[in-house]
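Look at the structure first, then read on.

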Amino acid sequence: MDLVLDFLFGPLKEIWEFPTFFVEVVVGGVLSGVMYSLVALGFVLIFKASGVFNFAQGAMVLCAALTFVGFMDLGAPVWLALIGALATMIALAMAIERVVLRPLVNQAPIILFMATIGISYFIDGFFQAVWGEDVKRLDIGIPKDPIEIAGVLINTFDIVAAVVAGALVATLAFFFQSTRIGRALRAVADDHQAAQSVGIPLQTIWVIVWSVAGIVALVAGIMWGSKLGVQFSLAFVALKALPVLILGGFTSIPGAIIGGLIIGVGEKVAEVFWAGRIGGGIEDWFAYILALFFLMFRPQGLFGERIIERV
Amino acid sequence: MTRATASRQIGDTLLKVDGVSLGFGGVKALTDVSFDVRKGEIRAIIGPNGAGKSSMLNCINGFYHPSHGSISYKGIVRGAMRPHEAAKNGIARTFQNIALFKGMSTLDNIMTGRLLKMKRGFFWQCLHWGPARAEEIEHREVVERVIDFLEIQAIRKTPVGRLPYGLQKRVELGRALAAEPELLLLDEPMAGMNLEEKEDMCRFILDVNEQFGTTIALIEHDMGVVMDISDRVVVLEYGRKIADGTPDAVKSDPKVIEAYLGTGHA
Amino acid sequence: MIYREAGQFKTSYAADQAIFPILQDRIALAILLAVAFVAVPLMASDYFLSTILIPFLVFAVAAIGLNILTGYCGQLSLGTGGFMACGAYAAYKLATGFPELNIVLVFLLSGGVTALVGVAFGVPSLRIKGFYLAVATLAAQFFLIWLFTKVPWFVNYSASGVISAPPRAVFGWFVTGIEATPQAKYVFCLGFVAVLALVAKNLVRGRIGRAWMAIRDMDIAAEIIGIRPLHTKLLAFAVSSFYCGVAGALWAFIYTSSVEALAFDINRSFQILFMIIIGGLGSILGSFLGAAFIVMLPIFLNSVPTAMGVPLSTSMIAHMEFMIFGGLIVFFLIVEPHGLARLWQIGKEKLRLWPFPH
């Protein structure tokens with residue numbers, strides 16, 4: 001009984017006693033949450049525009065980062081490596097549209113989902129075969145010194161990452177809401193056939209949206225890569241974006257952001273204050289179990305649209 | 001033009017819909033609709049598109065739950081009933097957009113209709129031997145009678161996804177019939193069919209009603225068909241009931257004429 | 001003998017509903033079983049038995065398990081590895097906790113334990129569908145592996161965190177532990193697989209299988225026919241997890257003899273999923289074909305380039321495997337969603353008519 005009480009309330013006591021430390025943990029969580037949000041954004045974009053749940057988003061993050069770092073290792077300056085990686089992501093988007101999406105048009109969502117698992121494996125294998133599999137250090141010159149704001153220590157790098165993510169989201173929101181392509185994207189998301197019948201070129205739209213998701217993956221890859229080194233495990237860290245999506249709803253960009261923050265903070269707080277009491281390392285599954293409980297009560301996510309079933 | 005065959009017996013009220021209203025958010029699908037279905041009759045629900053006909057059927061078999069009013073079946077007022085409970089009580093239906101199990105053969109689809117009647121538990125199912133096998137064969141015989149009745153012997157083992165539209169509709173009717181329902185709900189059984197297929201379907205509906213004494217409530221657009229085969233007709237418009245009675249009475253009702261032809265002709 | 005069914009008339013529904021209604025198929029099966037049970041253990045080398053045939057059999061059980069859930073009932077699961085781990089650790093705890101318990105019983109019970117765990121993680125399937133459920137099953141995957149890695153009770157407090165199969169015998173023959181010969185292990189495994197495959201086939205061709213497929217093809221219509229969705233899905237989760245659990249136990253006790261939780265990580269889950277996509281969704285035969293394919297491919301990649309004079313590095317082979325699996329998944333989903341099993345069926349149809357084109 002004491003054990004249970006200690007497990008439930010002990011951490012709360014610690015939090016009460018060391019509020020600054022708690023704030024630091026929360027800030028750390030927010031910042032890693034921003035990273036999750038970045039990956040989740042890629043998922044949401046593709047899901048919104050093509051109804052495909054793109055399991056390969058994680059692999060795309062890996063391949064973007066690998067390509068970027070690969071070019072830099074070959075001696076290319078940052079801007080050239082960036083262009084090279086961008087071009088690769090766009091080429092990848094075109095290849096996926098041509099080889100996978102076009103033949104599978106109008107298939108059940110679950111089939112497309114499994115196809116993206118296949119894509120994910122292919123990308124993982126292909127890009128590691130091309131660029132090698134050792135852990136690569138990625139340094140694009142963002143300082144990593146901790147600075148102190150109101151008594152709380154924060155890493156400069158994390159702040160830069162948060163700013164970049166914020167800028168990216170703002171750009172995407174503008175792109176979706178206010179441009180002609182954005183409107184076409186939303187039309188396609190609503191109904192493929194209806195969109196086609198009013199003259200929206202489905203295939204072009206798909207290439208655009210997968211390219212945009214590729215660019216988002218590149219940004220996420222550079223950020224994650226600078227933090228953790230570019231390595232295979234990036235693809236799996238990116239899987240964390242899945243519970244983020246469940247929390248936020250598959251179709252909502254704000255949902256992806258807020259879901260990411262909730263998961264980031266929840267995970268860090270649970271890991272730092274609770275995990276030690278049950279063996280540690282709960283970051284592996286905490287997000288999934290949280291999402292699972294969440295699903296039981298609100299299957300459509302925080303911001304998702306409610307689905308009305310029709311007969 | 002009502003049929004009065006000696007073998008048919010219209011009995012007491014089987015289903016009573018009493019003041020049913022249904023809304024989705026701000027949209028009112030049904031408003032205060034009341035009617036009854038008597039045992040052994042063919043009851044039609046007609047009305048323009050969006051009149052709430054399908055919603056009505058969905059309420060009857062428990063897929064939607066009315067926000068006001070009640071539905072009583074066999075004299076018992078039902079609370080919120082799940083569709084599988086409705087099925088257990090002898091209500092079967094077909095769908096406007098065919099809802100067959102596309103990956104299964106015709107035979108398996110119709111066998112699925114017998115599911116509720118099959119009782120052998122998990123253990124025997126694992127063995128597929130003895131009682132489970134006997135049960136399987138017993139129900140196969142019933143299903144084969146349905147297949148004979150609907151004249152679809154040739155497509156017994158064909159996956160239904162590959163069948164033409166008219167046959168799929170027939171298989172769907174077969175699946176509903178296999179459950180030996182007391183009340184059969186048909187949602188536009190003849191939509192999208194050509195004349196010949198329609199005539200076949202009419203014949204099947206009448207035969208089901210006469211041979212098995214099954215009560216039928218159907219939705220249909222084709223006025224000619226409805227007037228020919230049904231005993232009584234309910235007319236819905238914008239979720240409200242505007243007429244109820246024998247085909248002849250309904251046909252001459254000014255409100256019905258108005259709903260179907262517009263005010264200019266009234 | 002020519003593959004023909006002409007002249008074989010079925011006079012009862014029982015005959016029509018048999019698993020192999022055609023005489024030639026029944027003969028072929030009898031020969032196959034005789035070869036598998038008698039000729040193979042007598043003739044095959046130890047290497048062939050323990051690196052190809054035994055893993056193939058173990059994978060086949062897991063693939064049947066996942067196929068029941070995903071192929072027949074339409075609920076995509078990415079937690080297969082977690083459930084296999086569950087079976088492996090349950091078997092270890094049972095075998096070490098109750099040394100006098102017969103090993104067959106141990107395996108069946110560990111399947112039962114896994115079934116309970118599977119049901120617990122299947123409960124959300126009432127409210128969520130498709131990839132939502134897939135994400136939920138990832139929770140099972142990560143949580144279970146963490147649990148077995150972190151809680152020392154599961155490994156009987158051994159420092160290495162590795163479980164080793166204690167020696168156990170069936171009818172005086174050792175089937176697990178150091179003294180067990182590959183032949184004994186193989187025959188034991190084969191017996192298990194044969195029985196489990198038959199049971200699975202029986203389930204899917206009867207009332208329960210039809211309920212699963214109805215849920216898979218159109219859940220709303222299934223409910224209106226009178227199928228209770230939660231009940232049916234949970235049963236699929238239970239049966240599927242039972243198979244995965246037994247597969248995990250066979251893996252730990254028969255195939256590798258000692259194992260750590262990481263052997264059942266998420267890549268294992270994907271591997272099994274690939275087996276059923278390549279082999280054929282909704283087909284018991286397909287589960288075997290897919291398992292065979294995925295066991296053989298790495299061996300093929302290892303030996304063929306070397307034989308051709310272009311040896312590949314180990315990491316290159318790993319990358320090639322990833323690419324080929326990924327490519328094949330997409331290929332099969334586009335060209336033949338019913339996988340190798342469907343190709344097999346088409347081949348038989350052709351053979352029935354051969355040498356005539358129609």
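Which side chain meets B:Arg170 in a salt bridge? The side chain of B:Asp200 does, at 3.5 Å from N to O. A salt bridge here is a side-chain nitrogen of Lys or Arg within 4 Å of a carboxyl oxygen of Asp or Glu.

## The model

This is a predicted model: local features need pLDDT of at least 70, side-chain atom pairs count only at pLDDT 80 or more, and totals for chains, interfaces and linings use all residues. Residues are numbered from 1 along each chain as its sequence is written, chains are lettered from A, and side-chain values use heavy atoms, without hydrogens and water.

## Two domains

Chain B has domain 1 (1–90 + 181–266) and domain 2 (102–180). The bounds come from an automatic or database domain assignment. Their C-alpha centres lie 27 Å apart.

## The interface

In chain B, 21 residues of domain 1 are in contact with 13 residues of domain 2. Contact means heavy atoms within 4.5 Å. The two domains of chain B bury about 1300 Å² between them. That is accessible area (1.4 Å probe) lost on putting the parts together, summed over both. Carbon and sulfur atoms give 73% of the buried area. On the domain 1 side, B:Pro181, B:Met201 and B:Phe204 lose the most area to domain 2, together 39% of what that side buries.

## Charged links

The rule finds two salt bridges across this interface of chain B. The pair B:Arg170 and B:Asp200 forms a salt bridge.
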